[in-house]
Amino acid sequence: MRIFPLPDCGDSALALASDFGFEENFCNALKVEEKKNHQNHIIAPREPPPVPPLPPRRSSSTPAAVLPPKDRPHPPSQGPSVVPVNKDQSGQREAMIKYQLVKKEKEFVDIQNFRLFTGTWNVNGQSPDSGLQSWLSCDPDPPDMYAIGFQELDLSTEAFFYLDSSKEQQWVEAVERSLHPKAKYSSIRQIRLVGMMLVIYAKKQHKSQIRDVAATSVGTGIMGKMGNKGGVAVRFVFHNTSFCFVNSHLAAHVEDFERRNQDYKDICARIIFQLPGHTPLSIVKHDVVIWLGDLNYRLFVYDASEVKALILKNELRKLQECDQLNVQRKKKRAFTDFEEGNINFIPTYKYDAKTDRWDSSGKCRVPAWCDRILWRGSGVKQLNYRSHMELQTSDHKPVSSLFSIGVKVPNDLRYKKVFEDIVRRMDRMENDFLPSLSLTRREFTFENVKFRQLRRERFHITNDGQVPCQFGFIPKLNDSQYCKPWLHADPCEGFLEPNETLEIFLEVYVSKDSVTMLNSGEDSIEDILVLHLDRGKDYFITIGGNYLPSCFGTSLDTLCRMKKPIREIPITKLIDLGEESFLEKEKSRVNHLLMDSAEMEDKPLKIPKEVWLLVDHLFTKACQQEDLFQTPAMQNELQDIIDCLDTSIPDKIPGSNHAVAEALLVFLDALPEPVVCYELYQRCLDCSHDSRQCRQQISLLPRSHRNVFRYLMAFLRELLKYSDQNNLTASLIATLFGTLLIRPPPNLIGRQNQQDRQRATDFILGFLMGGDEE
């Protein structure tokens, strides 16, 4: 059976359509859709999904409360949304006391200055080959704390998928040998995601004053599955000041500054710290934030010789006017609320490894300040900002910054007085007044909600009573969560002083976890939120709207039975089509079709038209695309592709090759039943070492799943013929597609281990290397 059309052949699409059973309908649909397709080719650019705005620096974080040393519980390190809403009465009272202590913190803290050393280095996959003292111990006095970030710690293909790295311990040991010799340090936290690693150290005498330590990471590589780009972060409270450190490696390539902006926003939105007894904490909800890493912003000057000439003349200021990060900050596209010191050192990228010579390779990279350190917060003073040219391990030079930071240190005697005053005041007011709220809106309508498209509405609540109040959204009767999975309130709980007003955002976002129920009509954009007021009444907020079905999140069997775009199909027929599982339909050969006989043949398509359209585009236009399936899409392009497939049968898919590649991955990831069905998951893992048994398992798949699997394998084998151009390897493809095609059943997701993931990779690898004789 011929799988792919020949490139540059006018009849290629028709030939392949014939092979997969939708020749006549496909041709007719193309004619009917001709005018629509013309419009689809000219799609207005859309802004990427909005990211929650950064709050003003002074009000972004509220001081942490501190109790006397002997009875001091771990207080909240942030403002209203940080203190959890406790359900029992004693817990509610304790939370309210903590909140009041936050408000009065200035009355019992003193500011003391501490020195923080921060460093960043992209080590280009190298192992340490020299001491790091000239970088980490370059000051005469030892710092109180270190925050050191690395990028490209490991460049192996397998590491892209979160696997262990032998180089992690090598670099940790090199760091610990090079910390300042005049002080003793303790490790506070270490975290790594593929090549990004962040390590935090503090003087031993400070360790007892550090609490609420947490770490998390976010991959911004394709689909968020490849962690070669993204960020790692550590947060903690030192005395009474909350710190957050972010080490990131953003998208590469000179022209991709908008993708770097997107990575920044993605990290801001997705880095969330989960602490017991606290509501989730984002990056900006800290007193001090230090952001370091290979941010990869280049220069808007593309002639390397011109840049080098300006460097020789020491005209760095002129070059910095063309620095992409500086330009994007001025335009408020990224790092808007952050500060950066004056750069008085030459660019730190790109050098010939082991030398101080600029890149002499064929690509002759333009020098750039890729490696940066920025900060936000009050009481932060930068003492120096420098590069370290003497270290020649990598094609980047390390960068460091020394800060003096004013830290809030509690005075126990003053604290005790404030604490007792709060308790007495609360006792008096609780006896005299009941809390009360007013809401600006109680009904919300979200029209035309789409898959993966964030929608936001807002309203305000005001404490119109006489006493501080504690609020929170609570689950309805018999529910475990306060809202449906596609809905979120931010903040979902907190405190308000009398006459204080707070803005609350309601966000609707249909992810792969909720799309199938909405597509099938089993769920709808309807919910009721219950806003509970401690010692007060409940307020009910009504959510309504409509959802536009998507082929993403629809089963392969259902898609094979529809030959029109999903948006043109009545929801009642979608519901009818989804009543039986595709396995049952395959076994019973039920001929209940979406369309009547005048509109479509009884025989279903062999593969969904959406899969064919995506793969055909990649086969004809992207086989030689550099870093295919390794470069994330711009989100607006990805949304355009989803809309296009949901509303038409296009003869051309909009967007870049990278966007089409990611759309295919998102499609596979959103399937309610993976290509290799759940019931065959364990058997496929068990036989991954035996190619004959692997083929036998594929032959047991339902027809639509079997055809899609074989079609994808044929396409991926074709891609590997162009590995010199697209930089793909069989191992990389097998690892990426193994996680999508062979997914564990929902009840086994938490129990999947590295051996299971490797066996899924081996299963796919067998088909890539050995072919499919059937």
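In which sense do strand S10 and S11 pair, and over how many bridges? Strand S10 (residues 288-294) pairs with S11 in the antiparallel sense, over six bridges. The legends below describe close-up views of a predicted model, in which local features need pLDDT of at least 70, side-chain atom pairs count only at pLDDT 80 or more, and totals for chains, interfaces and linings use all residues. Residues are numbered from 1 along each chain as its sequence is written, and side-chain values use heavy atoms, with hydrogens and water left out.

**Figure 1. An open sheet of five strands.** The strands follow the order S5-S6-S7-S10-S11, and their pairing is mixed. Strand S5 (210-219) and strand S11 (371-376) stand at the edges with a single partner strand each, so one side of each has no neighbour in the sheet. On average, neighbouring strands are turned by 10 degrees against each other, direction ignored. Strands (E, at least two residues) and helices (H or I, at least four residues) are DSSP runs, numbered from the N terminus. Two strands pair if DSSP finds at least two bridges between them. Strands of a sheet pair through backbone hydrogen bonds, either parallel or antiparallel.

Figure 2. Helix H7 (residues 257-270) lies across S5, strand S6 (230-238), strand S7 (241-249) and S10. The helix runs at about 140 degrees to S10. Axes are lines fitted to C-alpha atoms, for helices over the stretch in contact, and angles run from 0 to 180 degrees between N-to-C directions. Contact means heavy atoms within 4.5 Å.

Figure 3. Buried means under 20% relative accessible area, exposed over 50%, and partly exposed in between, with a 1.4 Å probe and protein chains only. S18 pairs with strand S20 (residues 501-508) in the antiparallel sense over four bridges; the bridge partner of leucine 487 in S20 is valine 508. Aspartate 490 and proline 491 are joined by a cis peptide bond, with omega about -5 degrees. Proline 491 lies in the loop between S18 and strand S19 (493-496).

**Figure 4. Further backbone features in loops.** Most residues other than glycine have a negative phi, and most peptide bonds are trans. A cis peptide bond joins tyrosine 349 and lysine 350, with omega about 0 degrees. Lysine 350 is placed in the loop between helix H10 (324-330) and S11. Asparagine 296, a residue other than glycine, has a positive phi near 70 degrees. This asparagine lies in the loop between S10 and helix H8 (304-312) and is buried, with a relative accessible area of 3%.

**Figure 5. Phenylalanine 629 and the largest nonpolar core.** A nonpolar core is a set of buried Ala, Val, Leu, Ile, Met, Phe, Trp, Tyr and Cys residues joined through side-chain atoms within 4.5 Å. The largest one has 106 residues, of which Leu437, Phe629, Leu668, Phe709, Leu741 and Phe763 touch the most other members. Helix H18 (residues 657-670) supplies the largest share of this core, ten residues. A second, separate core of 45 residues includes Val234, Phe236, Phe243 and Val366. Phenylalanine 629 lies in the loop between helix H16 (609-621) and helix H17 (635-647). Its phi is positive, about 60 degrees, although it is not a glycine. Phenylalanine 629 is buried, with a relative accessible area of 1%. Leaving aside neighbours within four places in sequence, its contacts include Ile222, Met226, Leu664 and Phe737.

**Figure 6. Helices H18 and H24.** All of H18 is covered in this sense: 14 of its 14 residues are buried. In helix H24 (residues 754-770), the buried residues include Asp756, Arg759, Phe763 and Phe767. Among the elements that cover the buried residues of H24 are helix H21 (703-720) and helix H23 (730-741).

**Figure 7. Cysteines without disulfides.** A search of the whole structure finds zero disulfides, a disulfide being a pair of cysteine sulfur atoms within 2.5 Å. For cysteine 644, the nearest cysteine sulfur is that of cysteine 551, 9.6 Å away. Cysteine 644 counts as buried at 1% relative accessibility, and cysteine 469 is buried with a relative accessible area of 1%.
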